Amino acid sequence: MAGFRRSTPGLMVVAILALGTGSAAAQDDRPVGWTDQAELTFVMTAGNASSSTFGLKNALTHYWPTSSFQLSAGGVRTESGLTTRTATGSQQSFQIQETTDKELTAENYFVRSRYDHKLDGAYLFGGAGWDRNTFAGIQNRYGFVSGAGKAWVDSEERRFKTDLGVTYTIQDDVVADPSVEDSFLGLRASYDAFRKLTETTAFASVLTMDENLNETSDLRADWVNSLTVAMSQRLALKTSLQLLFDNQPALVSVPLSAGGTVLAPLGKTDSVFTVAIVANF
């Protein structure tokens, strides 16, 4: 995630809570009806450096005998404090004044929906979503997808699914790039893998790749790998690494030392590493 500032904390408080009705291992044979899972993340640093991060996610799902619908939403917001110190008096006798200015250093929000319908080992799906990541140059991005997939292996011990879909994207960048179109057709390919390593440990990996058919050099990827270790029937420790890749990133306005500004591309890759305590109810 772009925009985080490195600091040395004097005090750190971390509270990560996930509430849900599902288990750590996703299962397709769930009872018909509604389920809900929510995650709350809070990180605060104080002392010589200060910052605060607040994150919230929620996934509401309804299952039918041969289909399912999910509505998910979430966001992360980080503020960092920049402290300026000045001294008044003499070298032998002085007083220190401190002024702290808060600055937004990370912001990311999303809303997504998806409908799946099973067809004897395969499935059809459709979905729509919106996301915003201003520090990656995305002000608003709307996406629509429709396609089909297949569950090659699907059990409580392991799962491997792949799907392929046609997409339509409308993208509004923080800094507009006049050389690219803001709406385009695309192709999306993804896999969803799960493996139960032991009675208490499970590994999951999800990769989604989006190709802009109007400009084939515009390739995006979202790859998440996670390891979950159950500590009890309700509690688990989960670590995950998310890699975000954009081969044609958005632009940022950079001031020139001689005056004026220039447009330069942002970095192609962002990474997000998280450690979470997960509670299931």
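Start by selecting Phe-125, which is buried at a relative accessible area of 6%; buried means under 20%, exposed over 50% and partly exposed in between, with a 1.4 Å probe and protein chains only. Before you go on, note that this is a predicted model, where local features need pLDDT of at least 70, side-chain atom pairs count only at pLDDT 80 or more, and totals for chains, interfaces and linings use all residues. Residues are numbered from 1 along each chain as its sequence is written, and side-chain values use heavy atoms, leaving out hydrogens and water.

**Stop 1: around Phe-125**

Rings of Phe, Tyr and Trp (its six-membered ring) pair if their centres lie within 6.5 Å; planes under 30 degrees apart are stacked, over 60 edge-to-face, and the rest tilted. By this rule the count comes to three aromatic pairs. Tyr-123 and Phe-125 form a tilted one, with 6.4 Å from centre to centre and 50° between the planes.

Now show Arg-114, which lies over the face of Phe-125 at 4.1 Å from the ring centre. For a charge to sit over a ring, NZ of Lys or CZ of Arg must be within 6 Å of the ring centre and within 35 degrees of the ring normal. Another place to look is Lys-150, over the face of Trp-152 at 5.2 Å from the ring centre.

**Stop 2: salt bridges**

Keep Arg-114 on screen. Its side chain meets that of Asp-163 in a salt bridge (3.4 Å, N to O); the term stands for a side-chain nitrogen of Lys or Arg within 4 Å of a carboxyl oxygen of Asp or Glu. This pair links distant parts of the chain, with Asp-163 in strand E8 (residues 158-173) and Arg-114 in strand E5, 49 residues apart. Strands (at least two residues, E) and helices (at least four, H or I) are DSSP runs numbered from the N terminus. Asp-163 is buried at 10% relative accessibility, while Arg-114 is partly exposed at 30%.

A search of the whole structure finds seven salt bridges. Select Arg-77 and Glu-107 for another, where the closest N and O atoms are 3.3 Å apart. Arg-77 is in strand E4 (residues 67-89) and Glu-107 in strand E5 (residues 94-119), so the pair ties together parts that are 30 residues apart in sequence.

Next, pick Arg-159 and Asp-192, a salt bridge with its closest N and O atoms 3.1 Å apart. Arg-159 belongs to strand E8 and Asp-192 to strand E9 (residues 183-196), 33 residues apart.

**Stop 3: Ser-205**

Asp-192 is also among the residues that Ser-205 touches, where contact means heavy atoms within 4.5 Å. Select Ser-205 in strand E10 (residues 201-212). Is this residue buried or exposed? Ser-205 is buried, at a relative accessible area of 4%.

Its side chain makes polar contacts with the side chains of Tyr-191 (2.9 Å) and Trp-223 (3.2 Å). A polar contact is a pair of N or O atoms within 3.5 Å; within protein, one must be able to donate a hydrogen and the other to accept it, and residues adjacent in sequence count only if both atoms are side-chain atoms.

**Last stop: zoom out**

Show the whole protein, with its zero helices and 15 strands. Of its 281 residues, 29% count as buried.

Terms used:
Lists of a residue's contacts leave out its neighbours within four places in sequence.
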